[in-house]
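Student: Could you walk me through this structure, starting with what sits inside and then moving on to the ligand?
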Amino acid sequence: MAATGAGESKKAAAGSIAHSKTLLKKRVTYILKSTVFPPEPDCLRELRLATATHPMAVMAASPDEVQLFGLLVEMLGAKNSIEVGVFTGYSLLATALALLDDGKIVAIDVNRESYDQIGAPVIEKAGMAHKIDFRVGLAMPVLDQLLAETVTTIALALQEENVGRFDFAFVDADKVNFLNYHERLLRLVRVGGLIAYDNTLWSGTVAAPPDDETISERDRTLAAATREFNAAIAADRRVHVCQLAIADGLTLCRRVA
Ligand SMILES: C[S@@+](CC[C@H](N)C(=O)[O-])C[C@H]1O[C@@H](n2cnc3c(N)ncnc32)[C@H](O)[C@@H]1O
């Protein structure tokens, strides 16, 4: 039967949104069960389950998202990577597993407590600890330091700049500074390399009307910053971009200039 008054059509709309949300949840559950969990490496599973016991577990990337990172890193044949925002090291381990054997990840976090307590023992057991170069600090000065640093390549005994040396970067911290990180990462990541930004849908609030009272002040501010970031990236001709509706929104940028 067709809804008649404004109240009824609102109810019908709410009903259909709830239905779509349920379907979306079921779709993700299906993807996890059918495609993500069966081939998941044991160590990644162990760290995922250990991370789930942390009171801030919601901060970790989603299993389907880290599976995608593994695939992308493999396809890039990546050797050097950067991760901004480590937490327990869940996405870090997924990246480390896919990097070449002599690869390295510069892992940046203001705090390494969750990593030391939960992630580090699993990463050690998985034989991946040699790939992690953990830097404790705010991301901005650490990225600036990376830009200023040179590294010695053992094979050639040469000093090499960090500029253009990285194949992949994942940014998962401090959303309001994404554009500042972008400028630095565009110098650190090589042409053809990939930069991935997390939470670019900010729980879907980017698409909400500005007067939506169900959204908190903090989320409104972060949604506005995220919208600004998304618009800037879409207009940035130095990258080829693709935004995926996976997890909380993931934006992939391939450096082309
Ligand atoms: C969303 S969590 C990272 C989750 C991780 N990538 C994963 O998937 O398991 C964000 C992390 O960023 C760190 N963080 C927040 N602001 C930061 C900043 N300005 N610089 C560096 N790290 C920061 C926090 O301590 C936290 O551990």
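Predicted model: local features only at pLDDT ≥ 70, side-chain atom pairs only at ≥ 80, totals over all residues.

Student: OK, switching to the ligand: which residues come nearest?

Tutor: There are 19 residues around the ligand, and those that come nearest are A61, G85, D109, A139 and D172. By type, the shell divides into 12 nonpolar, 3 polar and 4 charged residues.

Student: Where are the N and O atoms of the protein that pair up with the ligand?

Tutor: A polar backbone atom of A139 is 2.9 Å from a nitrogen atom of the ligand, and an N or O atom in the side chain of E83 is 3.4 Å from a ligand nitrogen. On the oxygen side, an oxygen atom of the ligand lies 3.3 Å from a backbone N or O atom of F87. As for cover, the ligand has 610 Å² of accessible area on its own, and the protein covers 86% of that.

Student: New topic, H182: is that residue buried or exposed?

Tutor: H182, which is found in helix α7 (residues 178–188), has a relative accessible area of 1%, and because buried means under 20%, H182 counts as buried.

Student: What does the side chain of H182 make a polar contact with?

Tutor: The partner is the side chain of D236, at 2.9 Å. Leaving aside neighbours within four places in sequence, the residues in contact with H182 are I195, Y197, I233, D236, R238, V239 and C253.

Student: Last one, E149: where is its place?

Tutor: E149 lies in the loop between α6 (139–148) and β4 (150–153), and with a relative accessible area of 21% it is partly exposed. The side chain of E149 makes a polar contact with the side chain of R135 at 2.8 Å.

Student: How far is the C-alpha atom of E149 from that of E161?

Tutor: Those C-alpha atoms are separated by 6.6 Å, although E149 and E161 are 12 residues apart along the chain. Apart from neighbours within four places in sequence, E149 is in contact with E161, N162 and R135.

Key. Residues numbered from 1 in each chain as written. Heavy atoms only, no water. Near = heavy atom within 4 Å. Polar contact = N/O pair within 3.5 Å; in protein donor to acceptor, adjacent residues only side chain to side chain. Areas by Shrake-Rupley, 256 points an atom, 1.4 Å probe, with all protein chains shown as cover. Nonpolar A, V, L, I, M, F, W, Y, C, P; charged D, E, K, R; others polar. Helix = DSSP H or I, 4+ residues; strand = E, 2+ residues; numbered from the N terminus. Buried < 20%, exposed > 50% of the residue type's maximum accessible area, 1.4 Å probe, protein only. Contact = heavy atoms within 4.5 Å.
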